[in-house]
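Please read them with the structure open beside you.

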Amino acid sequence: MHAAVKGVLDQLPEVFDSASRARDAWKRFKEEQGEAAMPKETEEQPPVVDDVEPPMAA
């Protein structure tokens, strides 16, 4: 019994390190998804289209 408990306790630091790496990877993934949804400042923005009224003929 003592050896089993010691074996589990010896593995805890690796489990915590793995969990920290997974958390950091998830945060990076979410940040990248947020950046992908927002256009870059250097990208040309498409013109704004007003769908409410059609343009008047000249």
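**Notes on the predicted model**

1. Trp26 counts as exposed, at 53% relative accessibility, where exposed means over 50% relative accessible area, buried under 20% and partly exposed in between, with a 1.4 Å probe and protein chains only.

2. Residues are numbered from 1 along each chain as its sequence is written, and side-chain values use heavy atoms, with hydrogens and water left out.

3. A search of the whole structure finds 1 aromatic pair. The ring centres of Trp26 and Phe29 lie 5.5 Å apart and the planes meet at 35°, so the pair is tilted; rings of Phe, Tyr and Trp (its six-membered ring) pair if their centres lie within 6.5 Å, and planes under 30 degrees apart count as stacked, over 60 as edge-to-face and the rest as tilted. Trp26 and Phe29 are 3 residues apart in helix α1, and therefore separated by about one helical turn.

4. As for the overall fold, the protein chain has 1 helix and 0 strands, these being DSSP runs numbered from the N terminus (helices H or I, at least four residues; strands E, at least two). Buried residues make up 0% of the 58 residues in the chain. The chain exposes about 6100 Å², of which carbon and sulfur atoms supply 61%, with areas taken from the Shrake-Rupley method and a 1.4 Å probe; for residues, only the protein chains shown count as cover.

5. The structure holds 2 salt bridges, each defined as a side-chain nitrogen of Lys or Arg within 4 Å of a carboxyl oxygen of Asp or Glu. In one of them, Asp10 meets Lys6 with the closest N and O atoms 2.9 Å apart, and both residues lie in helix α1 (residues 2-37), 4 residues apart, about one turn of the helix. Asp24 and Arg23 also form a salt bridge, at 3.7 Å from N to O; Asp24 is partly exposed at 33% relative accessible area, and Arg23 is partly exposed at 49%.

6. Met1, Val5, Leu9, Leu12, Val15 and Phe16 make a nonpolar surface patch of about 620 Å². Patches are made of residues with over 30% relative accessible area and no salt bridge, like charges being joined within 9 Å and nonpolar side chains (Val, Leu, Ile, Met, Phe, Trp, Tyr) within 5 Å. Val15 is found in helix α1 and is partly exposed, at 48% relative accessibility.

Terms used
Predicted model: local features only at pLDDT ≥ 70, side-chain atom pairs only at ≥ 80, totals over all residues.
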